Amino acid sequence: MLRWIRQQLGFDPPHQSDTRTVYVANRFPQHDHYIPQKFADNRIISSKYTVWNFIPKNLFEQFRRIANFYFLIIFLVQLMIDTPTSPVTSGLPLFFVITVTAIKQGFEDWLRHKADNEVNGAPVYVVRSGGLVQTRSKNIRVGDIVRVAKDETFPADLVLLSSDRREGTCHVTTASLDGETNLKTHSAVPETAISQSVSSLEAIVAVIECHQPEADLYRFVGRITVNHCEEEIVRPLGPENLLLRGARLKNTKEIFGVAVYTGMETKMALNYKSKSQKRSAVEKSMNTFLMIYLVILLFEAVLSTILKYAWQAEEKWDEPWYNQKTEQERNSSKILKFISDFLAFLVLYNFIIPISLYVTVEMQKFLGSFFIGWDLDLYHEESDQKAQVNTSDLNEELGQVEYVFTDKTGTLTENEMQFRECSINGVKYQEINGKLVPEGMAEDLPDAVDSNLSEEDILFLKAVSLCHTVQISYDQADGLGDRQANGILHQMEYYASSPDEKALVEATKRIGVTFNGNNGETMSITSFGKLEIYKLLHILEFDANRRRMSVILQTPSGEKMLFTKGAESSILPYTKTGEIDKTRMHVDELALKGLRTLVIACRHFTPEEYIEIDRRLHEARTALQQREERLADVFSYIEKDFELLGAVGVEDKLQEKVQETIEALRMAGIKVWVLTGDKHETAVSVSLSCGHFHRTMNILELVQQKSDSECAVQLRRLDKRIKEDHVIQHGLVVDGASLSLALRQHEKLFMDVCRNCSAVLCCRMAPLQKAKVVRLLKTSPEKPITLAIGDGANDVSMIQEAHVGIGIMGKEGRQAVRNSDYAIARFKFLSKLLLVHGHFYYIRIATLVQYFFYKNVCFITPQFLYQFFCLFSQQTLYDSVYLTLYNICFTSLPILVYSLFEQLVHPHVLQNKPALYRDISKNALLSCKPFLYWTLLGFCHAFVFFFGSYLLMGEDTSLMGNGQILKASRQLMFGNWTFGTLVFTIMVITVTLKLALETHFWTWMNHFVTWGSIAFYFIFSLFYGGIIWPFLHTQDMYFVFVQLLSSGSAWFAIILIVITCLFPDVIKSVFYRHLQPTNTQKTQLNRNGIGISCLDSMCCFSDGEKACAPVGRMLDRMIGRCSPTRVGRSWSTSDPYYSNDRSILTLSQVEATPC
Amino acid sequence: MMASSYSAKEEDGHPSGAAGTSNSSAMKSKKPDNTAFKQQRLPAWQPILTAGTVLPAFFVIGLIFIPIGIGLFVTSNNIKEIEIDYTGTDASEPCYSCSDKSKGNSTEPTTPCTCEVSFNLEEPFESNVFMYYGLSNFYQNHRRYVKSRDDSQLNGDISSLTNPSKECEPYRESEKKPIAPCGAIANSLFNDTLKLFFVFPNGSKSEIPLIKKGIAWWTDKNVKFRNPGGNNNLTAVFSGTIKPVNWKIPVYELDTDPDNNGFINEDFIVWMRTAALPTFRKLYRLIEKKNSITPALARGNYTLEIIYNYPVDKFEGRKRMILSTISWMGGKNPFLGIAYITVGSVCFFLGVVLLIIHHKYGNRNNSADIPN
């Protein structure tokens, strides 16, 4: 029973054995002791809740948030003890927030339910009881034979039994799983492939044994035992036999497959992974502030409680004759009374931590994140991709980035490979107009080079055109018979998972060796017009550890041979013959030109050797345990004693504006690290060409370190070197092996070196190493904010590790995009994303947070001060309705609109002056000083409101004179509620206007909500005070507001106090602006001088001068100055921050710009 | 006034014909709309606070505030006010005999005690005069006190009359009967009676007519406070209830005028509006000017006659009587005028300082910005 519960809760894996046995068509063995294994049904459940558990589960999850819990506690306290404010004041907002969140989550879950039902109810065809039966997707059981037609998705993980093709192959795309759009070939084992009809499938008696479900999409280990012609044949099953749920059948009419993993056990479902929550620096600061305010709250409550008891010590204050206690109060225990007093004060002041802060922040983030997707500048026309926001939690983090880690291939470069050069048998060739021309030969040599191609050259070309996993798709290839027809050959298109391969195959086609296709067993090429058919025996797939791939083929002449291609470091060591030294030299030369290099080699097998290899491969491939290890052993046994054929150099074009982007990032104070898997020379040359390294930089190297001590010595040497030489900038090159040494023992030293280098390049990096580097930086003492950007699956770990992960929607699938926080189409968009959007979001949210705390300090401090005048009796200053609505209605919208639209500087300016990014770096707006400023400002304003009103109401002066509107010559009295309302009115106006002063970007919406909020407050108050509310317990506010407004003095007081509050603040900002202007402020001034036309485009020079001159002159006259020099300066021509000359001198000049 | 620019922005004149047609072609493009809103290019006013922009504001505020302040100050100074403390804590004071001090510990003042305080007006109070009583150290704003009332009872609700709100405890029931009006506020109604006499030089006195209606908010008197079952026959309506413990007379005997009796007695309504601060004054009576020639209160000697009931000694309170004229801006309050003058002067002064800064640093900033 207990186990059952644990299983249901997901603690215990329900299956105990390592493998599952699937009987095809559920033909279980007929002996008695067979216990059927239990499998999950094919129902996909992505929803979180059911109707029954929605309320408890959702509430539980919501109250796990610390803030919600805090408000719940406050609410409960209010319910339990006699508190000054009614439970409604905190219960209502809490209820509102919880309900809205619950509705939102419930709606999302309902959508998921709907989607689930749609998926689970989709019609599928299953072979049952001798025929094809239509049923619902959710009814598929493990062991069922499922029929899938062309362009349908697979309803479960199926092992392919047969297709309509004789050889039992089919093509699928896994675009919805990993985003790879190429066609993949999957095949059935030959014994089942012949059963192409329902009746023959019925006859199959087969058992599949495979691993228990696991999430890895590319791993499947199993074997099938088929009763074929009265004998049991065992065949290995691998990923190529498995059709994954979610993938789509292509180019094949129909297939039959047996379901092995169903429902939540399919690989797709197992890959539903909730991404780990990343928290932004702003959120962390916010939590710190919350803590500080909690302390302030506790302090105020404790102080009030103590003072209350100090007062109460004397009976005349505790219980004067006019204000007796009830019996109950007198008799309650002292300690209980003390605690309840403390709690009452806590409740009274609890508004200092505003519940609406969270709601507003969430809304701001959610709504604000739309602007990224909407941005036309982040839209890539060619690929029709706009920027994509996967999480809105990190918007402001974009404005805080200090380190950028970028992948090279596909991120800095296009990942669009172009074959450029090759080295064959020690001779270097270039491709010119589809011809191979030996290096050094003049380009206008006779074009009959073809005939000059030697045997080796042709073998090399054939090797290149055979050793790959490229697929061919025919655009209008409906009938399979058309495949061989020459007429449509020109329409064929190569699909490859790696762009290198595609580029190589296309290059050989241009030169004359055309790859025609591969039908699973044979590969055909047309070599200079001659059709050659090779029998494909084995493919040793590429993997990152071996860094090479091979094919074993039977040549038309019957010889068995192996072609391999891979990184030079993984092939040259195993090479026996060939021009090894020359080729190595050539490879280095090619790499220096920034080309990606691959080395091609071959090996001839004797028949005996081949039999041995075949046997070993089969053994390893059918192994159920440790298949990978055994395969790796076999591969290394096969891949040796190569004969070197040559090397190719493939160019990867740089993306546009990479150089400018890197330069801009650097000027913004962001350090850029390039992490790549490429080899040292290639990486350095690309680094140089994309402006990551300057020619003037001193490049330090930490490469090919073999031992710990050696590495340490080198590190110390570099460190010394850097410290000696301050003037010049340093760049560091590290390779993967040295890095792992450096990280193992000398992390600190390494970090020191890295921090002092303005550019770091890490080459030969494994994916996990990339993540490690990011983590190293992230956890270093300064705790810098890191950003990782990449496009491939190998960047995923880095993207997930960094504070902000950005995926490039490139050619290497969408895995990076799916795991990223933001996705963009091009590297160049990064500068706008960070410099403009990051800047906007940061200032918006920072001001939002500060302002929220400020306005609640303003709100609650008068209540605290009032306690000094009412014997600490917890009397509220404001009416309950005002307490409740202050944060919800009266002051919420202006800040929300501000936080959606504020722009300190125009986007163009931000993008052109990356130095402005430095103004907000290191969480500048939420550091100690601004926080103190806002908090103190809040307290000061609160003091002014309270004591201003206090002095004004006077000890006993009434404010209403005979100038009042309602009744002439009557002087009426104000009570405590009028006093509170006066303070509240002043506060609402001041707090709203304070935000107005902070606003630099007044759209019509800002105007609307700012003035609208104040107007709403007045209208609401008039309405609220104008009616005797039948359901309210007291009528304290009846006509209070009208009486207040009918007093002339009250108006004078409101104007005076509001101005008194705001003016010191204005003066402060003006003084700072003039004495210590930040770059941002300077820019604002300049921009202002330039005037209107400047904003239209970046190319404004002197036009603005004219436009602004009248305004400027008028201004000057007003302030008594007549110098026209102040206005009309343009930054475009004479800009101190940015120039086209990207030298170090410019950079240092920026830093030295006098303030 | 603000050095600002309207960046009335490029209203997206970009969508060219070519883009339009390509968008309408078969595939729906993911291209974001080029609208000012989505591109964050809404036309906006972008004010910047610089010395140049705020300087005029400073001067303007200075120039407006100082005259207003002077005006307010003068108005306030023209208001005549006299305050007479009649608590009688000191043996030399006329009301000492009536105060609790002299009676020792006997809490309940048994017989009404009357005392007289004389004072002299050196200047006549020309316009209408308002008469207040003032209390200090009296915490009408104590939470237990503030909430100790039943608004629906005071609004004339019959059920609340016989069953007052729990908030009224411990002044809810007395002798098993509901108290009307219930609660601590009502119970502690100020019950001194003040009379004012003009003393002619020959020694004879003439009582000055005090008007007791029109001292409460109109809405309070007519809407918020109502007698149960109309203003007539109050004795019958209140028959099931009992007077508050400290009261000498029941609520329906507060006045003989049916329009000022019961819950709508204006003295009672004024008292029920709890004061914000422990030292407060409440309007007691009006002294209206009889005609345009004679002042409301002429220069001369006056006697204040007090029927001394209200005990304030226990909490060291003070009792005062205040006579004051008012202006359009209310009672005497020099603070507002002084504050306006101060703020105005500070603004003006800062304006000058900023002007200097602007001249000195404004130039320097500009020259620093210009690169070589």
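Buried here means under 20% relative accessible area, exposed means over 50%, and partly exposed is in between (1.4 Å probe, protein chains only). Helices (H or I, at least four residues) and strands (E, at least two) are DSSP runs, numbered from the N terminus.

By those rules, in helix α32 of chain A the residues A:S892, A:P894, A:I895, A:L896, A:V897, A:Y898, A:S899, A:L900 and A:F901 are buried. That is 9 of the 10 residues in α32 (residues 892-901), so to speak a mostly covered helix. The cover on those buried residues includes α13, α14 (370-374), α30 (829-867), α31 (880-890), α35 (976-998) and α36 (1004-1025) of chain A.

A word on ground rules: this is a predicted model, where local features need pLDDT of at least 70 and side-chain atom pairs count only at pLDDT 80 or more, while totals for chains, interfaces and linings use all residues. Residues are numbered from 1 along each chain as its sequence is written, chains are lettered from A and ligands numbered from 1 in the order written, and side-chain values use heavy atoms, with hydrogens and water left out.

**Chain A overall**

Chain A has 42 helices and 35 strands, and 57% of its 1155 residues count as buried. Taking contacts (heavy atoms within 4.5 Å), residues 24 or more positions apart make up 73% of those with a separation of 6 or more. The accessible surface (Shrake-Rupley method, 1.4 Å probe; for residues, only the protein chains shown count as cover) is about 47,800 Å², and 58% of that belongs to carbon and sulfur atoms.

The patch is formed by A:M363, A:F366, A:L367 and A:F370, with about 350 Å² of accessible area together. Patch residues have over 30% relative accessible area and no salt bridge; like charges are joined within 9 Å and nonpolar side chains (Val, Leu, Ile, Met, Phe, Trp, Tyr) within 5 Å. A salt bridge is a side-chain nitrogen of Lys or Arg within 4 Å of a carboxyl oxygen of Asp or Glu. A:M363 sits in α13 and is partly exposed, at 37% relative accessible area.

**Cysteines**

A disulfide is a pair of cysteine sulfur atoms within 2.5 Å, and the structure holds 3 of them over all chains.

| Disulfide | S to S distance |
|---|---|
| B:C95 and B:C115 | 1.9 Å |
| B:C98 and B:C113 | 1.7 Å |
| B:C168 and B:C182 | 1.9 Å |

B:C168 lies in the loop between α6 (158-162) and β4 (173-174) of chain B and B:C182 in the loop between β5 (177-178) and α7 (184-187), so this pair ties together parts 14 residues apart in sequence. B:C168 is buried at 0% relative accessible area, and B:C182 is buried at 2%.

The torsion about the S-S bond of B:C95 and B:C115 is about 80°, so that disulfide is right-handed. The link of B:C98 and B:C113, with -70°, is left-handed. In sequence order, the bonded cysteines of chain B pair 1-4, 2-3, 5-6.

**Annotated spans in chain B**

An unreviewed UniProt entry places "transmembrane region" at residues 48-74 and 335-357 of chain B; such annotations may be inferred rather than shown by experiment, with positions in the numbering used here and feature names shortened. Residues 48-74 are 89% helix and 0% strand, with end C-alpha atoms 38 Å apart. Residues 335-357 are 100% helix and 0% strand, with end C-alpha atoms 32 Å apart.
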